[in-house]
Amino acid sequence: MEKFVYLFHEGNGNMRDLLGGKGANLAEMTRIGLPVPFGFTITTQACNAYYESGKTIPNLVEKQTIEALTVLEEKMGKKLGDPQNPLLVSVRSGSVFSMPGMMDTILNLGMNDETVVGVAKLTNNPRFAYDSYRRFIQMFSNVVLEIDTFFFEQLLEDTREQKGYSVDPEMTAEDWQEIIAGYKEIVKKHTRKDFPQDPKEQLFLAINAVFNSWNNQRAIVYRRLNKIPDHLGTAVNVQSMVFGNMGDDSGTGVAFTRNPSTGEPVLYGEYLINAQGEDVVAGIRTPQPIATLKEEMPGVYQQFADTCHRLEQHYQEMQDIEFTVERGKLFILQTRNGKRTAQAAIRIAVDMEKEGIIDKKTALLRVDPDQLNQLLHRRIDDSVPKTILAKGLPASPGAATGQVVFNADEAEQLGNEGRKVILVSPETTPDDIHGMVASQAILTSRGGMTSHAAVVARGMGKACICGCEALKIDMKGKFFTVGDTVVRHGDVITIDGSTGEIMLGEIPMIDPELSEEFQQLLTWADEERKFGVRANADTPEDAKKSFEFGAGGIGLCRTEHMFMDIKRIPIVQKMILAENFNERMEALEQLLPMQQGDFEGIFEAMQGYPVTIRLLDPPLHEFLPDKEELLVEVTKLQILEPQSDELKQKEQLLKKVRQLDEFNPMLGHRGCRLGMIYPEIYEMQAKAIFYAAAALAEKGMAVKPEIMIPLVGHVNELKQMRQLVIDAAAKVQEETGKQFEYTIGTMIEIPRAALTADKIAEEADFFSFGTNDLTQTTFGYSRDDAEGKFLQAYIENKVLPENPFAVLDQEGVGKLVEMGVKLGRKTKPSLKTGICGEHGGEKSSIDFCYRAGLDYVSCSPYRVPLARLAAAQATIRHELKHEEVYTTA
């Protein structure tokens, strides 16, 4: 008989796939003897069975749940629904991967009109009993009966105001009874039924709701964002309740074993006296720092600190812990690996290695390469005077500027239009996830460092400020005030998530500096990785930045970018518009020294590392004015100034633009095809490269130019262009008397090039896979059209798992890369191979490149640190797999 339900002591931490992350951790903590309230877990397989049964709980799941509930009742000496001695439970979701706040939770289940009286008598605390009951009605009504929590909050707020209270703890038992009566009326109005009183009915309705929440909109968005598979399902954890709202000797909190923003090795978190757990993370009340618990409950604090240390040592990871204190007794409700910023992830990994908790390889595997982007972007320039409007809690570091918006839907809409927005709200809820994704930053007036906004923003790497109580937000009027200052919808503000400061307008920002721990981690990465990391850089400035970020060379220098300079474009156009060879050569002779200067700067910046230079690739019409705009200008001149010289020039230009116009320029006269028809262009570029090499040789600097011929589809193209480059090198060497080393290769970006790589390798010293174009030509997608018109729909509808221009399509494009490497090395075993498309800076694509046997990846300068780490991780992971295979064998 299949087992769908496990008591906590029947499981362990290795059963995540079955019990979910939360259930596995509760089982593991129970196993090692921590004070965990007793309970049981309904498995992820039960969730899948629920959906397979048409969203009904199968009989076997129901039977096993009742059996586990009986054991729980015996263990606790209480019974669900017993008026004299009632058992109350929490019902929580628990997916395999942590999805904080994305699915549903119900506390105090088992409360009804009879059991609330029993709880009041047993605790001698009627206020606590009725407070717990009203919480249950509100939470159950929202999660299970799908009544918007706004109606309950509005009644509560109105009642508080009428009675002159400012916070919930001022409410009396009688006040809560009044609220409960009002809550029941809300339920009846919206459902036309009374609030359910049978605790077992409540339990199974709650289990249904948690299973359903696996497919709520916010959970789907979160899974898509974090690449979590849809088929995993969620477990359900049913756990006996402990109460933090039983008076001043009770409380609840959330804490991290290290600071999740900075990585500092100190307890970091918050708690509320006389409150339940949802109060801390919901942002309804602003909690106290965990350090003050040391003064209020020193014994409990010490026990908690010891438990945190024990959990961190056990899991060998920074932990995010939920706890409750009931009448002075500590209970641990949950632990999980804590979400953290990139800065914190790096420091924690390096510190834990130094503390002997983990080794270097584990430390490298602990940091997600994607997170490093958080550290490689700008921060506010402290040297610039700034007026601070207000200050809140620095919940997630980084800085951002954007237009103020007040709801998630608008944030998503404007963000999709390319506008930079900052989402401002009293607090965020999991339903706001889509707006948070689209925003540059999040700003809330309520909530603390462990509120929903803070946790989600840190996970996304977005700047966030919480608990800025100076902000008075008018959601209907779409403005907020700070004192006499009014900030309206669409106004620009800047926030600094590292300091909590909010400023009006746009504040200048500066480039980041890499921390000592970051440098240490990257040093370890370089020691481990078995293949190279280069950068795509087209200017001396980009080359210098690449070198600073640890690039081992330039994998792609696009020479056409040099032609786009405003001072050069007239000369380039003169070259394109030339009526004969001599006119074209005249323009090329003007361009040659300019290109030479560019190459000298890049060679110098790279200090002897190899530089791969791609000869001119785009079609010539890209350097000319837009045809439609030019046509409008010509028409105007024909009407207004028909005899002018300007009209004659524009008509001549329009004629040339029309000649060069192509139906499909992606597949037209570009790349090596330009060199074949206009060899003088490629000859000029090759000479500029070699003159630069000779000039640096004169200075005693060694350079390693690698000349790359683009868009080769047939070996004869490369054969001709190779000879052209060799001849140019010979001329420059003879003219200057300087000798220099160089290699000649090609970019593999046409499927035919990969399919005939054995032939092409006869004329190539290296292959560089241009996976941007290879993806276009393999899929038959025009990138701009695909991404703008249908690609997003393909991803959302799961036609494609990822955007193939962002993440390498290993099944299709990847096979061409593997074939190109294999065939090329069959002809030339020493053939050097690399990748220079955008995939060179994406972690799963880098892992593929390692497995495919490439020598290096090349990416944008700011992604070089990411690539260095991802390359090390690929090496470590596959070495570990080989060790496992060897051990098994």
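Me: Which residues does glutamate 706 touch, leaving out those up to four places away in sequence?

Reply: Glutamate 706 touches Arg534, Pro610, Val611, Thr612, Ile613, Thr743, Phe766 and Lys832. Contact here means heavy atoms within 4.5 Å.

Me: Where do these numbers come from?

Reply: This is a predicted model, where local features need pLDDT of at least 70 and side-chain atom pairs count only at 80 or more, while totals for chains, interfaces and linings use all residues. Residues are numbered from 1 along each chain as its sequence is written, and side-chain values use heavy atoms, with hydrogens and water left out.

Me: Why is glutamate 706 called buried?

Reply: Its relative accessible area is 4%, and buried means under 20% (exposed is over 50%, partly exposed is in between, with a 1.4 Å probe and protein chains only). So glutamate 706 counts as buried. You'll find this residue in strand β29, residues 704-709.

Me: What makes a stretch a helix or a strand, and how many of each are there?

Reply: Both are DSSP runs numbered from the N terminus: helices are H or I with at least four residues, strands are E with at least two. The protein chain comes to 35 helices and 33 strands.

Me: How much of the chain is buried?

Reply: Buried residues make up 56% of the 889 residues. The chain still exposes about 37900 Å², with carbon and sulfur atoms supplying 49% of it; such areas come from the Shrake-Rupley method with a 1.4 Å probe. The C-alpha trace spans about 105 × 80 × 55 Å along its principal axes.

Me: Why are helices α5 and α7 called roughly parallel?

Reply: Helix α5 (residues 126-143) and helix α7 (residues 173-191) have axes that cross at roughly 20° and come within 8 Å. Axes are lines fitted to C-alpha atoms, for helices over the stretch in contact, and angles run from 0 to 180 degrees between N-to-C directions. Under 35 degrees counts as roughly parallel, over 145 as roughly antiparallel, 65 to 115 as roughly perpendicular and the rest as oblique. Therefore α5 and α7 are roughly parallel.

Me: And what is the handedness of the crossing of α5 and α7?

Reply: The crossing of α5 and α7 is left-handed, a label for when the near helix is turned anticlockwise from the far one by less than a right angle (clockwise makes it right-handed). By class, the contact of α5 with α7 has 10 nonpolar, 3 polar and 4 charged residues. Ala, Val, Leu, Ile, Met, Phe, Trp, Tyr, Cys and Pro count as nonpolar, Asp, Glu, Lys and Arg as charged, and the others, Gly among them, as polar.

Me: What about α23 and α24: parallel or antiparallel?

Reply: The axes of α23 (residues 627-640) and α24 (residues 645-660) cross at roughly 150° and come within 10 Å. That angle makes α23 roughly antiparallel to α24. Their crossing is left-handed, and residues making the contact include Leu630 and Val634 of α23 and Leu654 and Val657 of α24. The contact residues divide into 8 nonpolar, 1 polar and 6 charged.

Me: At what angle do α22 and α26 pack?

Reply: Helix α22 (residues 581-606) and helix α26 (residues 679-698) pack at about 35°, with axes 7 Å apart. Their crossing is right-handed, and the contact of α22 with α26 has 16 nonpolar, 3 polar and 5 charged residues.
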